[in-house]
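Me: I would like to go through a structure and ask what stands behind each label. Please set each value against its definition.

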Amino acid sequence: MVKFKEAEARKFHNVFVCKNCKQKLRAPNLKVIAEKVTCKTCGGHAFRPVRKK
Ligand SMILES: [Zn+2]
C-alpha cells in the first residue's frame with residue numbers, strides 16, 4: 001500500500017483517541033502528556049495516539 005506523508009500528517013499528527021469512549025480529538029501532544037486535555041464527550045484524561053499498528 002502506498003502511503004502519503006501529507007495524508008498521514010493530516011490524519012495522525014497530534015490526533016489522540018480517548019481510552020474511555022474512543023472519541024478522536026486533535027491536541028498538542030505535550031498537553032496530552034501533561035493531562036491538560038479533557039475529552040469533550042466523557043470528560044476523561046486518558047488518551048492514546050491514534051495509530052496503533
Ligand atoms: Zn472520552
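Me: What should I know about the model before we start?

Reply: This is a predicted model, where local features need pLDDT of at least 70, side-chain atom pairs count only at pLDDT 80 or more, and totals for chains, interfaces and linings use all residues. Residues are numbered from 1 along each chain as its sequence is written.

Me: What is the mean pLDDT of the chain, and where is confidence lowest and highest?

Reply: pLDDT is the predictor's confidence in each residue, from 0 to 100. The chain has a mean of 90, and 98% of its residues reach 70 or more. Confidence is lowest in H1, with a mean of 86, and highest in E1, at 94.

Me: How many helices and strands are there, and what makes a run count as one?

Reply: Helices (H or I, at least four residues) and strands (E, at least two) are DSSP runs, numbered from the N terminus. The chain has two helices and three strands, and along the sequence they follow the pattern α-β-β-α-β.

Me: Why are E1 and E3 called paired?

Reply: Two strands pair if DSSP finds at least two bridges between them. E1 (residues 15-18) and E3 have three bridges in the antiparallel sense, so they pass that cut-off. E1 and E2 also pair in the antiparallel sense over three bridges.

Me: In what order do the strands lie, and why are E2 and E3 said to stand at the edges?

Reply: The open sheet has the order E2-E1-E3, with antiparallel pairing. Strands E2 (24-26) and E3 (47-49) each have a single partner strand, so one side of each is left without a neighbour in the sheet.

Me: Which residues stand opposite Phe16?

Reply: Phe16 stands opposite Pro49 in E3 and opposite Leu25 in E2. Val17 stands opposite Arg48 in E3.

Me: Which residues of E1 are on the covered face, and which on the uncovered one?

Reply: Phe16 and Cys18 make up the covered face, while Val15 and Val17 make up the uncovered one. In a regular strand the side chains alternate between the two faces of the sheet.

Me: How do you know whether Gly43 is buried or exposed?

Reply: A residue is buried if 20 or more other C-beta atoms lie within 10 Å of its own, exposed if 12 or fewer, and partly exposed in between; C-beta atoms are placed from the backbone. Gly43 has 10 other C-beta atoms within 10 Å, so it is exposed. Gly43 is found in the loop between helix H2 (29-33) and E3.

Me: What makes Asn14 partly exposed?

Reply: Asn14 has 15 C-beta neighbours inside 10 Å, so it falls in the partly exposed range. Asn14 is in the loop between H1 and E1.
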